[in-house]
Amino acid sequence: MIQEVVHTKQTDVPKAVQELTGHLARPGSSYNLILFFAGTSIDFASLSSALYEAFPNAQVVGTTTSGEICGEGFSSGTVVLNAIADDRSSYSAVLVDEANRFPIVFKDKIISAARKAGINLSQSMIHKNSFAISLICGLKNIEEGFLSMMYSFIEDKDFIVCGGTSGDDLKFKATYVSCNGEISDCGAVVIFVKTSRKFEIYKENIFQKSGKSVRLTDVDHETHIIKSIDGMNPRKRYAEILEIDERGVNDALLSYPFGRTFGDNVFIASLVGFDDAGILTTYARVIQDSVQEILEPVDAVKVTEETCKAVTEKIPNPSCVILFNCILRTIMFDKQQLQESVNSIWKSYYPVYSGFSTYGEQFGHINSNQTLVTLVMGE
């Protein structure tokens, strides 16, 4: 298996494609999966069409981002392209347009795409040799409903859908995904993968339980708005729990998000901010009367090292590594001057890798925030 990662800062589409393909070691016809991550400085629709033409034998899938990742580190305003040549895996991608409205009407299309990769979603135990990658448009509150729909007709509940929500460089205007030349600003792309290779999908948290929890007592789950916590004004209660002044609550949000606990797993629900009335908005959907842990940060560099060790113990010789890294982690690493340290650890463990800064991370049935989801395939 070969994963080549190339990148360009060119914003002119023909020049960008020429530079990307010029850096590859093989002709375009030799790859069977192209996965690209693009900042908003380039015309995404034109780029998608041009790349689809350049790689005639590949599934060509991409997304807009809020930053890109490759061996050179964290960046923005670039196009990072993964060119994958793999004779022991099958790849099949499908675009689900208008996933914010009627994703279930695409059920047959999704099932058909899985079958093209050799995966029967009505069978059990398919998680042993297959998985799916999701790229979902941001800003439309699609993720939870889409994952729920997917797992409604996947018989094997251990089958993993992993991936990230597209970004738009923090403009919060429009995000896009593409599949074989088609694009959508309100859809999702699923890449089904069946393989004889070892693979590992790992979710990393850089937070732990603080021992403090709250109940969300007035919630609009569709808009992700919390109107009361423990029967109190959200800003007042959050400040009280953290023992800080109300005027400083928005500065604490990155370091003290909410978390949902399932056994030993913690899924993070990041906090957008409080409005003038003290009403709280979250990035992920929250549920009425749910109990949320207040999380606290741990040593991110230490956790990065632990993650890489755990992954490479299971996959000693990684041949393909894709990182879905929350934009809020990227911002936090930047503020704490940790980006270079984190990237240097990735570089020491992974021969090649790429990824992007997401607006959300999918791992199985759950959509989270402030998380890293790492997909690793072996040689």
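Visitor: What is the strand order of the open sheet of six strands with mixed pairing that contains β1?

Guide: The model is predicted, so local features need pLDDT of at least 70 and side-chain atom pairs pLDDT 80 or more, while totals for chains, interfaces and linings use all residues. Residues are numbered from 1 along each chain as its sequence is written, and side-chain values use heavy atoms, without hydrogens and water. Strands (E, at least two residues) and helices (H or I, at least four) are DSSP runs numbered from the N terminus, and two strands pair if DSSP finds at least two bridges between them. β1 (2-8) and β11 (182-184) each pair on one side only, as edge strands, and the order is β1-β6-β2-β3-β10-β11.

Visitor: Which residue in β6 stands opposite Glu4?

Guide: β1 and strand β6 (residues 79-85) run antiparallel and are joined by seven bridges. The residue of β6 opposite Glu4 is Ala83.

Visitor: What angle does the direction of helix α1 make with that of β1?

Guide: Axes are lines fitted to C-alpha atoms, for helices over the stretch in contact, and angles run from 0 to 180 degrees between N-to-C directions. Contact means heavy atoms within 4.5 Å. Helix α1 (residues 13-22) packs on the sheet and touches β1 and β6. Its direction and that of β1 make an angle of about 145°.

Visitor: Why is the pair of Phe74 and Phe333 classed as it is?

Guide: Rings of Phe, Tyr and Trp (its six-membered ring) pair if their centres lie within 6.5 Å; planes under 30 degrees apart count as stacked, over 60 as edge-to-face and the rest as tilted. The whole structure holds twelve aromatic pairs. In this one the centres are 6.3 Å apart and the planes stand at 75°, so the pair of Phe74 and Phe333 is edge-to-face.

Visitor: How many residues apart in sequence are the parts tied together by Phe74 and Trp346?

Guide: The pair is tilted, with 5.7 Å centre to centre and 40° between the planes. Both residues are buried (under 20% relative accessible area; exposed is over 50%, partly exposed in between, with a 1.4 Å probe and protein chains only). Phe74 lies in strand β5 and Trp346 in helix α9 (residues 339-349), so the parts tied together are separated by 272 residues.

Visitor: What volume does the largest cavity have?

Guide: A cavity is a set of points, on a 1 Å grid over the protein atoms alone, where a 1.4 Å probe fits but cannot get out; lining residues have an atom within 4 Å of a point. Points are joined across faces, edges and corners, and the volume is the space filled by probe spheres set on them. The count is two cavities of 30 Å³ or more. Residues lining the largest cavity include Met1, Tyr91 and Met377, and its volume is about 50 Å³.

Notes:
On a 1 Å grid over the protein atoms alone, a cavity is a set of points where a 1.4 Å probe fits but cannot get out, and a pocket is an open set with protein on both sides within 12 Å along at least five of seven lines; lining residues have an atom within 4 Å of a point.
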